[in-house]
Amino acid sequence: MSDPYLVLGLPPDADDAAVHAAYLAAVAACPPDRDARRFEAIRAAYEALRTRRARLAQDLFDRTPPTLADLLDKVEPLGTPCRPDRRLFNALLRGGE
Amino acid sequence: MKKPRQTASVQKAPDQTPEALRAAAQGQVAAGRYREAIATYKDLLKVENAPETRLALAGAYAGRARELAAKGMSKEALTIWQNRAQLVPDLPPEMDYLALLLRLGQVRTVVDLYARGASRLDAAARATLGSLLAARHLGGEAAVAAGLPSDDPILVQGANASQALDAYCRGDDPALRDALAAIPFRSPYRDLAQVLKALQRASAAPAEAAELLAKVDDNSGFAPLRRACELGLSAPETLLERLAGAGDAARRFALTLAGWGEERQALWDEVRRVGDPGPQTMVRLLHRQRTRLGEDWARRQALRLLVPGFPKTAAWVAEGGGRRLSEEERLLVAAWRAEEGRNPWDIVDAWRAYARHLLRGPLPELGSEKALRVALVLRRPDRHLDILSDAIPSRDPDGLDTELARLVEASLDHDPDDRDSHERLIRYYLRGKDLKTARRLLERALARFPADLGLLTAALDIALAGDSFKKAARHAREILALDPINTGAQERLVKAHLAHARKQMRAGRLDLARKELHLAAEWDPAGRLRERRGLLGGLLDLAQDQAQGEAALREQVRGLGGGITAAFVLTLECAAIGRPAPAVLKAVGLWKVPIPGQADLPGFLARLRNHLDGGDPLPADVRRLFEGPLKAAAHSPLSLGEAEAACDTLRRAGLAEARLAFADAALKRWPRTPVFVLHAFEARYEDRDRRPPARELGHLSDACDAARAAGDQRTAHRAEEILRSYGPYGYGPRRVGRAFEDDDLDLRGLGIDPDQALRTFVEAMGLDGLLNITGASPKERAHLRQLEREVGREGVMEILLAMLRNGLPDFGPPSPGRPKGPVPAGPGGVSGKAGREPRKDDDEPEQFDLF
């Protein structure tokens, strides 16, 4: 995922306080010792959005093309693992794949 | 004409004996040629209808059925299985046959076979078939319940299994545990229990969950569920890749398990329909999904996809159904595109054009978003190229650095609160000794950030550079008030006072020199520069009172050990105040510079290196004084590493004779060692207008080969460079950087060694600085970084020096007219915009004799 707003789950009009709060929440949810790569991404996203200047610079100068993961995350961020319902189980139990 | 169809049985010979037919059929089965085997067994049956022949034919049928099923010919395979069943009705059904029936939806047939013939199956096959039917029953397949007796375990334990599944789905873990506990170990639902336990443990213990899933066999009726669970529990970053071969049911299950919501899955479905999306397809997708994605976001991301092929790609947006690019969008994408190129001026022009567009209409209000955008855009070329951080001002009005500095200064009109830009500009002008501009910018910056440590340090440096010691002291006090342990500021101020004291001594103003010395002492309470203060104080005493001065200096010299190191430090101080050193040395009892002993030599060389590291060359009269004693010390028993370091330090100091003596002494101890051959050669022939004899060149060539073989790339490269210079097309003994071979500029006439000047410049710039001003692309930088890891920083510097001398195309000779393309190297380091048109005749002549 390359879009820092998506990494931190922020709307495009987030201000300094919102960015900071989202960063703290993201770090609490994913501390560096649990997933170092994810933490690096969170840290980089925070640096990219930390100040108003940084956010404008991100908008003006970031030329990273979007990835498919970006599009998916933008439409609906990845949720927590979910229990499939009985209908989905039945389809597989009847031999469907 | 049609080709006659080959019959299955190649050797259809009714006259063959049964034994021959049996042998042939067995061979065909062993070779996997089941179709032929079936025909041969049929022939055998015609002559010998024995039960074992029928069994053998049934075996061939099974082989053929599996072969067809593997090719995806399910119906044909089913027919063969049915032939087998008719041929020997008592045979128990094969699992592959039953699985095929289930796949084809003939559940009732399987149930009947299970009910009639389960007892004929072995235990493993019975368990597998049981799990297949149990999974179907649990999945809601009514035919299973309809065909089984009511006391069959599949039906009896089905209720518990169903309760367990429902409890999992609604998240009722206690009920799930109870229901699972009610499923016996040998139940046909045992695999379901493993799967549900794995799902329960997945988040807390993923490894344990994976182990539980691995217990479900591939033939089990619950295997499709196991596979979908494995997909859903796989790492998020590999999930999409692993989903590629999954069917609809498995994909939906896995994505739901992985936390994908409906919207996300719907977009993924559309992406799958599109196939692997290239950038143009992505642009179309972004436009089509703009409502889901957000109009602005989708548009901005689409612009980023246009960059690589812009402006040709601009049409993609309209082709994908979007509105044409606005002027602002075009200018922005053009600037992004320029950043992917190597021409710094393209980047400057593109961002300037964008800024100009933003500035149309009334000036944006300070603090507004528009003003910030303008400021950021104006700063962008410098931030992207990273020039002003270490460039020395070229003072060329059309130079790249000049233009970048202009843009950064203009950016401060729109965003004066960016302190980094203030400091960046101030440091840039300070580096070029343009103190007037630096002071003007500093005043503006300090007005906004009066207590900024970085800006106050810049103020201190500006004051020191302008010999404004009172002002420097004031700034130092301000810095220390903010940061009481800032030793850097203190030390700079002490050094500045000492420098000023020397200046006053040279001018004969001894009272003022004394005052500066006192000030230096005041700012040096820790005594970090005590030694230099003491020597200077002694020299000042000597100038005012010979006896007192001699005593003071003797004391200082004694403190320094009284040997060559003391003589060296004192000589440097004498040179700094313009006083002949021999008389002073004599006055303190050093009638001549002592020859360093084994104990003194490392300390002296360390002092010499320290002096050279400060960037000051060794004065010629100091060289003259020390060359002799050092030559005499060349036979000191140094280690190989120490001898090499000594030669290198002497090279840097320009002490050629001493270097030669050390290299020769080392060669006596370690004959033909490449690095010493090189030092000896360079010391003997560098800067001399005579060609070395062929024998010497031969030795150097051998050393070059030996160095390469030993992995000493640095020595090999340097030796190769020298050898090339003496080759038929070389440029002879005068190994001078071409950058300095300008007919109008006779550096040698000015007493400057061009090669040394180039080396000094490159060393002063450092690798990063040099790469910045040469406009090296990221790829070239990465290549040089890799090279640095292989041959060391010194090695890379040597290579860069060679490139600058020879003007390789990638970096270009630092001729002032080098236009577009990477910024050429040279003092000042930036290209003039005036010379941006390429000159075809810029190539350097290779045979200098002809020109």
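Predicted model: local features only at pLDDT ≥ 70, side-chain atom pairs only at ≥ 80, totals over all residues.
# Notebook: chains A and B

**Interface.** I began with charge pairs: across the interface of chain B and chain A the rule finds 8 salt bridges. My rule for a salt bridge is a side-chain nitrogen of Lys or Arg within 4 Å of a carboxyl oxygen of Asp or Glu. Residues are numbered from 1 along each chain as its sequence is written, chains are lettered from A and ligands numbered from 1 in the order in which they are written, and side-chain values use heavy atoms, with hydrogens and water left out.

I looked up one pair, R63(A) with E339(B), a salt bridge whose closest N and O atoms are 2.6 Å apart. Over all chains, the structure holds 76 salt bridges.

Then I took the contact count: 72 residues of chain B touch 44 residues of chain A, with contact meaning heavy atoms within 4.5 Å. The two chains bury about 5200 Å² between them, 64% of it on carbon and sulfur atoms. Buried area here is the accessible area (1.4 Å probe) that two parts lose on being put together, summed over both. On the chain B side, R264(B), W297(B) and R304(B) lose the most area to chain A, together 14% of what that side buries.

Helix 6 (residues 86–93) of chain A packs on helix 16 (residues 248–257) of chain B at about 140°, axes 9 Å apart. So helix 6 of chain A counts as oblique to helix 16 of chain B. Conventions I used:
- Helices (H or I, at least four residues) and strands (E, at least two) are DSSP runs, numbered from the N terminus.
- Axes are lines fitted to C-alpha atoms, for helices over the stretch in contact, and angles run from 0 to 180 degrees between N-to-C directions.
- Angles under 35 degrees are roughly parallel, over 145 roughly antiparallel, 65 to 115 roughly perpendicular, and the rest oblique.

I listed the contact residues: L88(A), F89(A), A91(A) and L92(A) from helix 6 of chain A, and A249(B), A250(B), R252(B), F253(B) and T256(B) from helix 16 of chain B. By class that gives 7 nonpolar, 1 polar and 1 charged. Ala, Val, Leu, Ile, Met, Phe, Trp, Tyr, Cys and Pro count as nonpolar, Asp, Glu, Lys and Arg as charged, and the others, Gly among them, as polar.

The axes of helix 39 (residues 656–669) and helix 40 (residues 674–685) of chain B come within 8 Å and cross at roughly 150°. That makes helix 39 of chain B roughly antiparallel to helix 40 of chain B. The residues of this contact divide into 9 nonpolar, 1 polar and 4 charged.

Next I checked helix 40 of chain B against helix 41 (residues 694–709) of chain B: about 145°, axes 9 Å apart. Their contact has 10 nonpolar, 1 polar and 2 charged residues.

I found a cis peptide bond joining F310(B) and P311(B), with omega about 10°. P311(B) sits in the loop between helix 20 (295–306) and helix 21 (315–319) of chain B. D386(B), a residue other than glycine, has a positive phi near 50°; I placed D386(B) in the loop between helix 24 (369–385) and helix 25 (400–414) of chain B.

Last entry: D43(B) forms a salt bridge with K46(B), closest N and O atoms 3.6 Å apart. Both lie in helix 2 (residues 34–47) of chain B, 3 residues apart, about one turn of the helix.
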